[in-house]
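Here is a short tour of a model, written for someone who likes to know the cut-offs. Please have the viewer ready.

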Amino acid sequence: MPLPSEGPGPDLFISGSGLLPPPPHGGSGLLPPRPSVRNLLPQSPAWEKMAPRSSRGIAPAMLCGLSLFLGFPGLVWVQISVPPQSSPHTEPHPCHTCRGLVDSFNKGLERTIRDNFGGGNTAWEEEKLSKYKDSETRLVEVLEGVCSKSDFECHRLLELSEELVESWWFHKQQEAPDLFQWLCSDSLKLCCPSGTFGPSCLPCPGGAERPCGGYGHCEGEGTRGGSGHCDCQAGYGGEACGQCGLGYFEAERNASHLVCSACFGPCARCSGPEESHCLQCKKGWALHHLKCVDIDECGTERASCGADQFCVNTEGSYECRDCAKACLGCMGAGPGRCKKCSPGYQQVGSKCLDVDECETAVCPGENQQCENTEGSYRCICADGYKQMEGICVKEQIPESAGFFSEMTEDELVVLQQMFFGVIICALATLAAKGDLVFTAIFIGAVAAMTGYWLSERSDRVLEGFIKGR
């Protein structure tokens, strides 16, 4: 079996967000074939349900279908619901896939040693272990379980990097014992060392030793992507998270560490945790003698509320709330704080109260009555009357009727045929078991059904359905 050469690795090409080796043409025959999509998917038990069944039940099924077809006035369509498709998931970064592959590979190395050795003749094991350690057999055993069946990205990456894995196994282990560094960083160029990011593996802000000062996460760290921006922890800020954020102060600092603690509530900058340690206030507060005092926006021109709203001061801000329905403009909540009353309301003392329009005859229609509403009124029909074409007419109480009283004669005939069809279906099932009594009853029922359909009454029913009645 030909082995990979000692020369440079295979050419690389860009795929997705990383560099991958080209797929092997024919391969070396060393690695087991990657499982196909059909083998990865679970086999559906539906194929077993489609196996041929005994022909004994065919006749009853055909008779049931025929009888139900004769009984129902039309075909019955069954709509098969299709389960909604799940939203597509976000594919992991190729570096993370490569890291997972290497971790699984290393676990496979431990498993193969543990399963094949571990007791008995130590001298014999050492002799056999030296031959098995770097053997083709062990490599195949490890690769068989390196990717789970559902991890398509892992299978794809392993297939594309097959020649590189073989080259490392047979030729590079001694000089490059770290498979992750050799495969994912140096050969495939999918990953970067810790504390670096981007295509050129640049150091994160704060340095590769302590990216983001140890108080944040460097975007794209360890991969060939990302911007390198520091996402600082709560209380920390700055380009490399080396400062205290808004609302925090330096409690401790030395050459390597920074401890930030929270200021008193409304303080944006402070020298300590007390209320009197404020140096700058948050929005909505004013600094007064090293303390932050709430600004009453409702008493200044800072508040901006609508004509039918009033202002309510809150800590550090304000709210605009709607006036009462009785008010046209207001100075506060309730009908007693109105500037002017709305139509349908009148001033009674200091409040705007609803006017009862029904005290006067405002509904001119016959058999109508007035119903007062908040700020207005409406005209409705009196009890025992209903609205019809703009006038109130007396309601007609229908007489009680039976269940079949509103059905036409043709509909009753169709209902009978449906019932007879179900009966014949049941008799056909029993007759199929070989019972002579039920067979005789079934034959008689079929004969009676046929005679009924050939009668003059059934002809009239069929003619009505053909004409679309």
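## Ground rules and confidence

This is a predicted model, in which local features need pLDDT of at least 70 and side-chain atom pairs count only at pLDDT 80 or more, while totals for chains, interfaces and linings use all residues. Residues are numbered from 1 along each chain as its sequence is written, and side-chain values use heavy atoms, with hydrogens and water left out.

The pLDDT, the predictor's confidence in each residue from 0 to 100, averages 76 over the chain, and 67% of the residues score at least 70. Residues 1-84 have a pLDDT below 50, and beyond near neighbours in sequence this stretch has 102 contacts in the model (contact means heavy atoms within 4.5 Å). Where pLDDT is low, the predicted coordinates should not be read in detail.

## Helix α8 and its two partners

Helices (H or I, at least four residues) and strands (E, at least two) are DSSP runs, numbered from the N terminus. Axes are lines fitted to C-alpha atoms, for helices over the stretch in contact, and angles run from 0 to 180 degrees between N-to-C directions. Helix α8 (residues 162-172) and helix α9 (residues 179-187) have axes that come within 11 Å and cross at roughly 135°. That makes α8 oblique to α9, given that angles under 35 degrees count as roughly parallel, over 145 as roughly antiparallel, 65 to 115 as roughly perpendicular and the rest as oblique. On the α8 side, Leu164, Ser167, Trp168 and Lys172 make the contact; α9 brings Leu179, Trp182, Leu183 and Ser187. By class, this contact of α8 with α9 has five nonpolar, two polar and one charged residues (Ala, Val, Leu, Ile, Met, Phe, Trp, Tyr, Cys and Pro count as nonpolar, Asp, Glu, Lys and Arg as charged, and the others, Gly among them, as polar).

Helix α6 (residues 136-144) also packs with α8, at an angle of about 140° and with the axes 11 Å apart. The pair α6 and α8 is therefore oblique. Here Glu136, Arg138, Leu139 and Leu143 of α6 meet Val165, Trp169 and Phe170 of α8.

Two strands pair if DSSP finds at least two bridges between them. Strands β15 (residues 309-314) and β16 (residues 317-322) are antiparallel, with six bridges. Valine 312 stands opposite glutamate 319 in β16, and threonine 314 has serine 317 as its bridge partner. Two residues lie between these strands, and glycine 316 takes a positive phi near 80°.

Strands β17 (residues 345-348) and β18 (residues 351-354) pair in the antiparallel sense over four bridges. Tyrosine 345 is bridged to aspartate 354 in β18. This hairpin has two residues between its strands, and glycine 349 takes a positive phi near 70°.
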